[in-house]
Amino acid sequence: MRTTLSELAPLPAPPASVAAGPTHPPGDLAVWFFILAELLVFAVFFAAYAFARAHDVALFNAMQEQLDRPGGALNTVLLITASWCVARAVQAVCEQNHAALGARWLAGGIACGGGFLIVKCIEYADKFAAGINLSTNTFWMFYLSLTFFHFMHVILGMVILAVLWAQTRRGIYTPGHANGLESGAAYWHMVDLVWIVLFPLVYVMR
Amino acid sequence: MQYKSQAVAKPYFIAAIGLFVGQILFGLIMGLQYVIGDFLFPAIPFNIARMVHTNLLIVWLLFGFMGAAYYMIPEESETELHSPGLALALFWIFLIAGALTIVGYLLLPYARLAELTGNDILATMGREFLEQPLITKVGIVIVALGFLYNVSLTVLKGRKTSISLILMLGLWGLAVFFLFSFYNPENLVKDKFYWWWVVHLWVEGVWELILGALLAFVLIKVTGVDREVIEKWLYVIITLTLITGIVGTGHHYFWIGTPGYWQWWGSIFSALEPIPFFAMTIFAFNMVNRRRRDHPNRAATLWALGTGVMSFLGAGVWGFLHTLAPVNYYTHGTQITAAHGHMAFYGAYVMVVLTIISYAMPVLRGRAANSNRAQVVEMWSFWLMTISMVFITLFLTAAGILQVWLQRFSSTPQPFMVVQEQISMFYWMREVTGVIFLLGLAIYVASFFMKGEAAASVSTTSGRGEIGTQTA
């Protein structure tokens, strides 16, 4: 997992000791169980969306035109950036043993998450002003339910990042003792991953 | 027993078991009424028997939860209970009020009972599971408040653990959601909408927190696994419970006049409600396999593992069977619902209360565990009751499938009563299995009166890693 993160972020190759380190996923087993359960919830939601769309492709395509695609793209960039910040934070703590730097990266992640919420709120305000609600039609029911459920996860993820930020500042995490940090980071990446599926599925795919 | 005041749990547990026996007797009466319609008529009509059967279940589980809290909270908080006297007083108030209510159901016509108990002041009666007269409902609130006051102050003055925190969250939630039983709007859709806030948010919400806390407590005691590990899993389980269970209320909103999106929300979220139950199964077996000691009370361990498995099957699998809106369109309110209700209540709540009783009662009676003989008898009762319940569930499921087919799915649907006649064989089989359940329950009660040498602690090395296969 560590090597995968490093591959994703354009970083110098990790020291050999780290690259040859433990092969099990970072973080706690419990958080991975939780992440898998969360992914399953979203997977069922996505499957239901696909099922409903297959029954009325014309409606879904027509309604999709009304979505704010640039806003969604901006949000995708924000979340990926947030994940990058969080990955850098873990790296700063676990490989460079630099807690203050790690905390700054986490703050960057929280800021990007906040940006996501603002963009999303503008989108929601626009949709609600147009009189769209859960009962408008199946597409909007899915759009509002899926994105709002994800929205709540972003908020939860930011709460977790805020706790990690406070604890990292207090120097609780050190290389080899960063189970909590890695667990929280893994959770945040899950929130990001779900959006990376959600955005093309709901906003782009036709 | 570490704290003297834990002893107040004992009368609660005894009352719980006593009412459990009553519940099963009325279950057998109404089970027979399914096939012999005028059995005991007019003394005990079907609707009264059903009301007593379900109300007794809820009341005895509440006795069990309260007893569990009185037992666990002093030990978790490492301090005596705030007021053992209050706990005992509330016990008698609750028992007498509960008994009077049941007597009222049995001796008076329901409408007369409503008249006598002030239903004209605030109409709350006449709704399934919330049939209690107004004064009983008010009494329940007073007992609950006194109970919560007592245990909350105990928690506040002592050590705060995740288990006591989650238990308190569950118990407070139980009390808060019960308040919706006083809200009975004229509009039938709204009435049903909020009715589920008591019924669903109890059994698929806050009660699961209580279940998790009880199970975690017993697992810590019998396995000796680190509290940290057990509490971490507990957090994961209750978070999953709340994510799926709260919106999962929507699976009751499919056909009552609520907006159409509930069909999607209800289907999706409740389809995932088995996950926390599955996590609970894995959790129970994992902890027992990682145990650091072999507690002499093997029966309690068996009940704990049984809770893990049966709650997943009854609440998780049998709930999922009919939770998707397109399926529920056909199965709604058939015997499939009854099958699910029986195994879910038994597997989750009956078994977890019996788990804590199995663990705590010997301690309350001054020993770590009962004699080997008593434990063997208790384990026999475990298997008799559990296997009977599996068969009750299977027979009701078969009856339900046939009912759906003949009455709703077929191109020539038949009337309700005609179909009931055709599935009566399954009702007979269910009734026979119910008698075996009663036998199991009698053996369970008998196990409390078994004498013999208290079981000695088994050494940690022997049988390590085998308990799962031996007892499950």
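**Close-up views of a predicted model**

**View 1. Domains of chain B.** In this predicted model, chain B is divided into domain 1, residues 1–160, and domain 2, residues 224–450. The C-alpha centres of domain 1 and domain 2 of chain B lie 21 Å apart.

**View 2. Contact between domain 1 and domain 2 of chain B.** Domain 1 of chain B brings 22 residues into contact with 20 residues of domain 2 of chain B. On the domain 1 side, helix H1 (9–35) and helix H2 (46–77) of chain B each supply at least two residues. H1(B) gives the largest share of that side, 14 residues. By class, the domain 1 side that touches domain 2 of chain B has 17 nonpolar, 4 polar and 1 charged residues.

**View 3. Packing of H6 and H7 in chain B.** Helix H6 (residues 162–178) of chain B packs with helix H7 (residues 188–223) of chain B. Their axes are 8 Å apart, at an angle of about 160°. Angles over 145 degrees count as roughly antiparallel, and H6(B) and H7(B) are therefore roughly antiparallel to each other. The crossing of H6(B) and H7(B) is left-handed. Their contact has 19 nonpolar and 4 polar residues, with no charged residues.

**View 4. Contact between chain A and chain B.** Here 13 residues of chain A are in contact with 15 residues of chain B. Two or more residues of the chain A side come from each of helix H3 (29–55) and helix H7 (138–169) of chain A. H3(A) provides the largest share, 9 residues. The chain A side that touches chain B divides into 11 nonpolar and 2 polar residues, with no charged ones.

Terms used: Residues numbered from 1 in each chain as written. Chains lettered and ligands numbered in written order. Predicted model: local features only at pLDDT ≥ 70, side-chain atom pairs only at ≥ 80, totals over all residues. Axes fitted to C-alpha atoms, helices over the stretch in contact; angles between N-to-C directions. Helix = DSSP H or I, 4+ residues; strand = E, 2+ residues; numbered from the N terminus. Parallel < 35°, antiparallel > 145°, perpendicular 65-115°, else oblique. Left-handed = near helix turned anticlockwise from the far one by under 90°. Nonpolar A, V, L, I, M, F, W, Y, C, P; charged D, E, K, R; others polar. Contact = placed C-beta atoms within 7 Å. Domains from an automatic or database assignment.
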